[in-house]
Amino acid sequence: MIITRAKLIDLARREAEARAASGDVVSAYLDGSVAYGEPLLGGTADVDLVLIHAEVPDVDREMVPLSPDIHLDIVHHARERYAQPRGLRIDPWIGPAISGPVFLHDPQHFFEWAQAGDRGQFFRADHAV
């Protein structure tokens, strides 16, 4: 089987939807090399998946192997972390990540709302840190 960026996105989407079926995942998106460019390095890849939970999640991060060479690197955030989207512009991790990710799951448009607040004037020079 040939691993492509599209296949990695599909695998991440399936994982996000399976987790969302529990009712706790509000939104999910991809960050990192799968979202922004060439994800494979020497036949290996990590898929940076962010799950936004309605409540505070039990874990902050987990690694889920998909094969010996490919794994999901899952970061868990609570919805409350995104409550003030304009403040996310200066967050060194979330600000750039939500500026242009790959959407995977957002049925209530929560992430789109947070992203709109983050991206508004995100690239202004005086907002750069």
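Start with D10. Its side chain forms a salt bridge with R14, and the closest N and O atoms are 3.0 Å apart. A salt bridge here is a side-chain nitrogen of Lys or Arg within 4 Å of a carboxyl oxygen of Asp or Glu. Both D10 and R14 sit in helix 1 (residues 5-20), four residues apart, about one turn of the helix. D10 has 27% relative accessibility, so it counts as partly exposed. The classes are buried (under 20% relative accessible area), exposed (over 50%) and partly exposed (in between), with a 1.4 Å probe and protein chains only.

Before moving on, some ground rules. This is a predicted model with residues numbered from 1 along each chain as its sequence is written; local features need pLDDT of at least 70, side-chain atom pairs count only at pLDDT 80 or more, and totals for chains, interfaces and linings use all residues. Side-chain values use heavy atoms, leaving out hydrogens and water.

**Colour by confidence**

pLDDT is the predictor's confidence in each residue, from 0 to 100. The chain averages 84, and 88% of its residues reach 70 or more. Among the elements, strand 3 has the highest mean (96) and helix 4 the lowest (72).

**Switch to cartoon**

Count four helices and five strands. Helices (H or I, at least four residues) and strands (E, at least two) are DSSP runs, numbered from the N terminus. Along the sequence the pattern reads α-β-α-β-β-β-α-β-α. The chain has 129 residues, and buried ones make up 43% of them.

How many salt bridges does a search of the whole structure find? Four. E15 and R19 form one of them, with the closest N and O atoms 2.8 Å apart. E15 and R19 are four residues apart in helix 1, so about one helical turn separates them. R19 is partly exposed, at 22% relative accessible area.

**Select R61 and D73**

This salt bridge has its closest N and O atoms 2.7 Å apart. R61 lies in strand 3 (residues 61-65) and D73 in strand 4 (residues 70-78), so the pair ties together parts 12 residues apart in sequence. R61 is exposed, with a relative accessible area of 53%. D73 is buried, at 7% relative accessibility.

**Select H76**

Stay in strand 4, where H76 is found. H76 is buried, with a relative accessible area of 6%. Not counting residues up to four places away in sequence, H76 touches several residues, including R19, R61 and E62. Contact means heavy atoms within 4.5 Å.

**Select L30, V47, L49, L51 and L104**

These belong to the largest nonpolar core, which has 20 residues, and they touch the most other members. A nonpolar core is a set of buried Ala, Val, Leu, Ile, Met, Phe, Trp, Tyr and Cys residues joined through side-chain atoms within 4.5 Å. Helix 1, strand 1 (25-31), helix 2 (33-36), strand 2 (45-53), strand 4 and strand 5 each supply at least two residues of this core. Helix 1 gives the largest share, five residues. Another core, of 12 residues, lies apart from it; among them are Y82, L88, A97 and A114.

**Select D106**

Find D106 in the loop between strand 5 (102-105) and helix 4 (110-119). D106 is buried yet has no salt bridge; R79, the nearest side chain of opposite charge, is 8.1 Å away. For charge, Lys and Arg count as positive and Asp and Glu as negative; His and the chain ends are not counted. The side chain of D106 does make a polar contact with the side chain of S27, at 2.9 Å.

**Finish at G100**

G100 sits in the loop between helix 3 (94-99) and strand 5. Its relative accessible area is 35%, so G100 is partly exposed. Leaving out residues up to four places away in sequence, G100 touches Y36 and Q115. G100 and Q115 are 15 residues apart in sequence and 8.5 Å apart in space, C-alpha to C-alpha.

Terms used. Polar contact = N/O pair within 3.5 Å; in protein donor to acceptor, adjacent residues only side chain to side chain.
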